[in-house]
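Let's take a walk through this fold, starting with charged side chains and ending with the overall layout. Have the coordinates open as you read.

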Amino acid sequence: MKNNLDKLKNYFGLNFNNEELLIQAMTHPSYANENDTISNQRLEFIGDAVIDLAVGKFLYELMPSEDEGGLTKKRAQEVCEGSLSQFAKSFDLGQYLFLGKGEEKNQGREKQAVLADAFEAFLGAIFLDKGIAEVYKVLNKVVFPEIKKNINQENNDYKSKLQELVQSDKRTLVYEIIAESGPAHDRTFVARVTMDDGIRMGEGTGKTKKEAEQDAAKNTLEKLAPTEKIDFE
């Protein structure tokens, strides 16, 4: 198992002063109970606080116009159990865990809760051993890039923004591909968005159908931007 943990350390460029902290971080309560040792639960407690602080600071700097409520909501999304488990899966954290026989049999290495807890414990161990600067070696590699990608996708989801704009009037938006051109390996699509009663709202182009639909929504939003209201008369 030591070689396995060496692989984990090398992946992030970590060098522990106290190797026992890393071993503890990888020790699931089921293994601790069977082997009379210390589980990762206390380190999980520390890691939870560390990632809350670090992600909060990251969002504060990345989203300067967002208010407290928006920042709090976004942080909750990015440090929830599902997100933490995905961070853990990105470098296969499950393979390094010490699991009890029952947990191993029940596919514990793939369980969302197990991975999320272990990821927090891993961060907690790094923090106690070397401090917050060392924790950023992990966050900069597997957490912050994913958060930035998520925010960029949200910011560019023009279809959702347009839907929010019209939903108060209980209208339905319909997207259709009205033209396509170019060779099979380099197609260009033209999409049109209309209201459910046939009102043409806008058109857009893209290299995929989804891109064309997003462009159509974007162009429609730009036309509506001066008033942010739609005249249905």
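Start with Arg 187, which forms a salt bridge with Glu 180, their closest N and O atoms sitting 2.9 Å apart. By salt bridge I mean a side-chain nitrogen of Lys or Arg within 4 Å of a carboxyl oxygen of Asp or Glu. Arg 187 is partly exposed at 23% relative accessible area, and Glu 180 is partly exposed too, at 45%. Here, buried is under 20% relative accessible area, exposed is over 50%, and partly exposed is in between, using a 1.4 Å probe and protein chains only.

A word on where this comes from: it's a predicted model, where local features need pLDDT of at least 70 and side-chain atom pairs count only at pLDDT 80 or more, while totals for chains, interfaces and linings use all residues. Residues are numbered from 1 along each chain as its sequence is written, and side-chain values use heavy atoms, with hydrogens and water left out.

How many salt bridges does the structure hold? The count is 13. One of them joins Glu 104 to Arg 109, with the closest N and O atoms 2.7 Å apart. Glu 104 has 34% relative accessibility and counts as partly exposed, as does Arg 109 at 23%.

Another pairs Glu 213 with Lys 159, at 2.8 Å between the closest N and O atoms. Glu 213 belongs to helix α11 (residues 209-224) and Lys 159 to helix α10 (residues 158-166), so this pair ties together parts that are 54 residues apart in sequence. (Helices are DSSP runs of H or I, at least four residues, numbered from the N terminus.) Glu 213 counts as buried at 15% relative accessibility, whereas Lys 159 is partly exposed at 25%. There's also a network of salt bridges, linking Asp 6, Lys 9 and Glu 19.

Now look at helix α9 (residues 132-155). Its 24 residues put the end C-alpha atoms only 30 Å apart, short of the 34 Å that a straight helix would reach at 1.5 Å a residue; that expected span is 1.5 Å times one less than the number of residues. The helix has a kink of about 55°, centred on Leu 139, where the bend is the angle between axes fitted to the seven residues ending there and the seven starting there. Leu 139 is also among the buried residues of α9, which include Val 135, Val 138, Val 142 and Phe 144.

Finally, zoom out. The domain assignment gives domain 1 (1-156) and domain 2 (158-224), with bounds taken from an automatic or database assignment. Their C-alpha centres lie 39 Å apart.

Notes: Helices (H or I, at least four residues) and strands (E, at least two) are DSSP runs, numbered from the N terminus.
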